[in-house]
Amino acid sequence: MSHVKVYVDKLNAVCERYSEYVSRNPAVTAQLENTVRTLSYLIAVYSASNLLVLFNDSILRKRLRRAPPTPVSQQRLLTWLSVLEHVEVFLEMGANKLWGESVRWLVIALVQIFKAIFRILLLLWYKSGIQTSPPIIPLDRTKDLEDDKQQDGGCFVGQRSGRVIRPLGSAPSQQAWLWGVPSQTLSRLKEEKLHSMPTPLGLQETIAEFVYIGRPLLHLLCLGLCGKQSWKPWIISGVLEVSSFAVLRDTKFQNRWERVEMRRRAFLLLYYLLRSPFYDTYSEEKLVFLLRLLADHIPGVGLVARPLMSYLPVWQKIYFYNWG
C-alpha cells in the first residue's frame, strides 16, 4: 500500500504542475492544441505515405526471396488494390479541394467500383478466400530481417580468398546441438505462415463475402437515390454487413491472418454508431459531452480531446474515413 501511495502522490504532483503551467501559459497551451489539430489534418498524407511502405516491402521480399506463392497476375491485383486503399482518402480530399463536391463523389464512386472489381476477381477467379485490409500484409521488418540474418549466419566472404567466415554469434544454440527440434519447428512454423493458403469457402460463405464486397456500391447507390440524410442507406448497409459477418463468423478459418481479419470486421461494426444519420441523431451530443467532460476535469486530456472535438465534423465529411 505504501508503494501505491507513493505513485498516487507523484501523479498528483505531476497533475498540479501541469495545471499550474496551463494557468500561467494559456497562449502556449493554445498554440500546442492548434499544432495537434493541424497534425490531425495530415492523416490523409500519412495514408498516402503507406505507398512507400508497400514499395519498400516489395524490395525486401525480393531480397529475402519471400515472394508469396501466388500467380503474378493475382499479385498485381493485390498491389493495385493496396494502392487504391492507401490513396483513397487523399484522392477524395484532393478532388473536393480542386474540383468541388460533384467530382469528389465521382472519384469516390470510381474508387469503390475498381476496388469491388479487383476483390470480386480475387474471390471468384483466384479463390483467395476472405480478403484482408490492407490486401498485402506488411512485412515484419525486425523479425523477418533478423531471421534472414540468422539463416545467412551473418557470413563474411573474403574478397581475395572467397572463404566464408561465420561469426560466433551465428552458431546454433546448445538446444539445437542436443536435440535439433526447436530450430526445425520454428522454421516449419515460419514457412507455414509464409506459404499458408486461404481457407476454401463454400457456396454460402462465398456469397457472404460477395455481399461484403458489394456493400459499398449498394450504399453509394442508396445515397444517390435516397439522399445523405435518409436512414435507408445506413440500414441497408448495416443489414448487409451484419449478415455477411454472421455467416462468415461460423467458418473455421485455418490461418491466423483470417481470424485477425474477422476480428477487425467485428470491431468495424462499431463504426455504425459514428456514421450519419445515427451519429447526427444520437451519438454526436453524447460523444461531445463526454470529450468535453474529460477535457475539463482531467489534466492533459484536453490536449487530445479538444482537437478531436474540432476534428470530428471534418472526419464525418470524409467518406472513406466513415464508409471506406
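Trainee: Why is lysine 115 called buried?

Mentor: Its relative accessibility is 7%. Buried means under 20%. Therefore lysine 115 counts as buried. Keep in mind that this is a predicted model.

Trainee: What makes the contact of lysine 115 with glutamate 88 a salt bridge?

Mentor: The N to O distance is 2.9 Å. The cut-off is a Lys or Arg side-chain nitrogen within 4 Å of a carboxyl oxygen of Asp or Glu, so the pair qualifies. The two residues link distant parts of the chain. Glutamate 88 sits in helix H4, lysine 115 in helix H5, and they are 27 residues apart.

Trainee: Is glutamate 88 buried or exposed?

Mentor: Buried. Its relative accessible area is 7%, and the limit is under 20%.

Trainee: Why does the pair of aspartate 250 and arginine 249 count as a salt bridge?

Mentor: Their N to O distance is 4.0 Å. The rule says within 4 Å, so this pair is counted. Here aspartate 250 is exposed, and arginine 249 is exposed too.

Trainee: How many salt bridges does the whole structure hold?

Mentor: The search finds eleven. One of them joins arginine 104 and glutamate 101, with the closest N and O atoms 2.6 Å apart.

Trainee: Where do arginine 104 and glutamate 101 lie?

Mentor: Both are in helix H5, three residues apart, about one turn of the helix. In an α-helix there are 3.6 residues a turn, so residues three or four places apart point the same way.

Trainee: Why is arginine 104 classed as buried, and glutamate 101 as partly exposed?

Mentor: Arginine 104 has a relative accessible area of 6%. That is under 20%, so arginine 104 is buried. Glutamate 101 has 35%.

Trainee: Why is tryptophan 125 called exposed?

Mentor: Its relative accessibility is 65%. Exposed means over 50%, so tryptophan 125 passes. Tryptophan 125 is found in helix H5.

Trainee: Which nonpolar patch includes Trp125?

Mentor: The surface patch of Leu106, Leu110, Ile113, Phe114, Ile117, Leu121, Trp125 and Leu217. Together they have about 760 Å² of accessible area. Helix H5 gives the most, with seven residues.

Trainee: How do you know that the length of H5 is close to what is expected?

Mentor: H5 has 25 residues and reaches 36 Å from first C-alpha to last. At 1.5 Å a residue, 36 Å is expected.

Trainee: Which helices do the buried residues of H5 pack against?

Mentor: H4, helix H9 (203-226), helix H13 (302-317) and helix H14 (319-322). The buried residues of H5 include Val107, Ile108, Phe118 and Leu122.

Trainee: Where does helix H4 bend?

Mentor: At valine 87, by about 50°. The helix covers residues 72-99. Glycine 100 follows H4, and its phi is positive, near 100°. Just after H5, lysine 127 takes a positive phi of about 55°.

Trainee: How many helices and strands does the protein have?

Mentor: There are 14 helices and two strands. Of the 324 residues, 34% are buried.

Key
Residues are numbered from 1 along each chain as its sequence is written. This is a predicted model: local features need pLDDT of at least 70, side-chain atom pairs count only at pLDDT 80 or more; totals for chains, interfaces and linings use all residues. Side-chain values use heavy atoms; hydrogens and water are left out. Patches are made of residues with over 30% relative accessible area and no salt bridge: like charges are joined within 9 Å, nonpolar side chains (Val, Leu, Ile, Met, Phe, Trp, Tyr) within 5 Å. Accessible areas come from the Shrake-Rupley method with a 1.4 Å probe; for residues, only the protein chains shown count as cover. Helices (H or I, at least four residues) and strands (E, at least two) are DSSP runs, numbered from the N terminus. Buried means under 20% relative accessible area, exposed over 50%, partly exposed in between (1.4 Å probe, protein chains only). The bend at a residue is the angle between axes fitted to the seven residues ending there and the seven starting there. The expected span of a helix is 1.5 Å times one less than its number of residues. Contact means heavy atoms within 4.5 Å.
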